[in-house]
Amino acid sequence: MRERPAVLKTVAVLCGLVGCGGDDTAERYITDVPAPFAAVTVDERVWVAAADELVGLDLTELSVTDRSPLPARPSGVFVLDGVVWTTSWEGARPIGVAGVGAAAASSDRLHDSLAIVEGRVFAIRDGGLYELDPDTGDELALVTLPAPVTGGEQIVSPTPLVTDGSSLWLTVADGGTSRLARLDPIAGTFDRDVRIPDATTSAVLVGDRLWIADRRGELLSIDTVTGEPQEVASGFPKGETILDDGPSLFAGDDGTLWALDQPAQTVSQLDPTTGAVVATSQLRYRPSSMAVTATELVFANASDDRITVLARSELEPPT
């Protein structure tokens with residue numbers, strides 16, 4: 001990975017000097033990374049996809065430590081076994097921030113989501129589930145879906161793929177209904193089928209529970225061992241408008257669960273067993289994505305051309 005000196009501007013926000021949407025005194029900013037749209041963590045380091053490059057951050061110094069070029073018009077960023085991958089019209093490809101050299105892929109196919117299980121990479125494209133070459137990102141095969149429940153046309157929804165260590169969970173739309181299916185990649189069989197809300201756009205795994213959220217902020221958790229769903233009566237801080245068509249749930253490597261309400265500009269830590277709000281904070285700028293470290297939350301704010309860094313300790317219990 002090539003490195004170059006980075007000249008960053010940081011902004012100290014004091015509510016007595018600058019108008020704040022909530023108590024923003026603890027927020028810190030990086031403002032010389034244009035159009036940051038996604039943030040991920042690799043071994044406690046945060047990387048942000050911004051325009052045509054992937055930048056590594058030093059959260060203490062609020063500086064850029066590494067830069068790596070991205071393909072034209074990247075659409076998504078995923079971490080697969082410690083390696084950052086991006087999706088774009090050039091296809092899916094590993095970037096190599098964890099010591100693996102970037103491998104060019106030019107499939108001219110846009111994938112909605114990527115996940116790795118048992119060393120095998122899977123992706124969603126045009127309603128189908130594909131296995132990809134783990135070194136190049138080239139498509140190897142189209143995965144046969146389970147038999148449809150209603151007899152209608154069956155497609156894979158772009159809800160994020162989730163792995164639980166040995167299997168892959170995906171959302172299948174069938175005749176106007178949505179269901180979670182679990183694939184055993186070794187056997188090539190599906191052995192779970194759980195009805196879920198049709199507007200589901202976000203999914204993460206915390207412990208042995210799979211958490212999903214729809215665009216209206218409704219939560220549902222599913223026991224990955226039994227496949228039993230658990231409705232959550234309250235928890236996600238619902239905004240006045242529906243959520244952006246993007247990720248609203250995030251998981252920390254320490255087993256924490258986080259909810260991001262983009263229109264309301266609110267971040268909350270949720271109890272990973274009940275979904276109840278543990279702590280929350282109002283953000284000054286509208287976030288597009290977030291990454292979680294052991295001590296910090298990092299937000300990519302695409303519409304405001306800045307990255308927000310907020311200590312987890314600054315969140316407060318809900319009133």
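1. The protein chain has a mean pLDDT of 82, with 83% of its residues at 70 or more; pLDDT is the predictor's confidence in each residue, from 0 to 100. This is a predicted model, in which local features need pLDDT of at least 70 and side-chain atom pairs count only at 80 or more, while totals for chains, interfaces and linings use all residues. Residues are numbered from 1 along each chain as its sequence is written, and side-chain values use heavy atoms, without hydrogens and water.

2. Two stretches call for caution. pLDDT is below 50 over residues 1-24, a stretch with 54 contacts beyond near neighbours in sequence (contact: heavy atoms within 4.5 Å). Residues 98-106 also stay under 50, and the model gives them 18 contacts beyond four places in sequence. Where pLDDT is low, the predicted coordinates should not be read in detail.

3. The structure holds one aromatic pair. The ring centres of Y29 and Y285 are 5.4 Å apart and the planes meet at 85°, so the pair is edge-to-face. Rings of Phe, Tyr and Trp (its six-membered ring) pair if their centres lie within 6.5 Å; planes under 30 degrees apart are stacked, over 60 edge-to-face, and the rest tilted.

4. Both Y29 and Y285 are buried (under 20% relative accessible area; exposed is over 50%, partly exposed in between; 1.4 Å probe, protein chains only).

5. R306 lies over the face of Y285, 4.2 Å from the ring centre. Likewise, the charged end of R125 sits over the ring of Y130, at 4.5 Å from its centre. A charge sits over a ring if NZ of Lys or CZ of Arg is within 6 Å of the ring centre and within 35 degrees of the ring normal.
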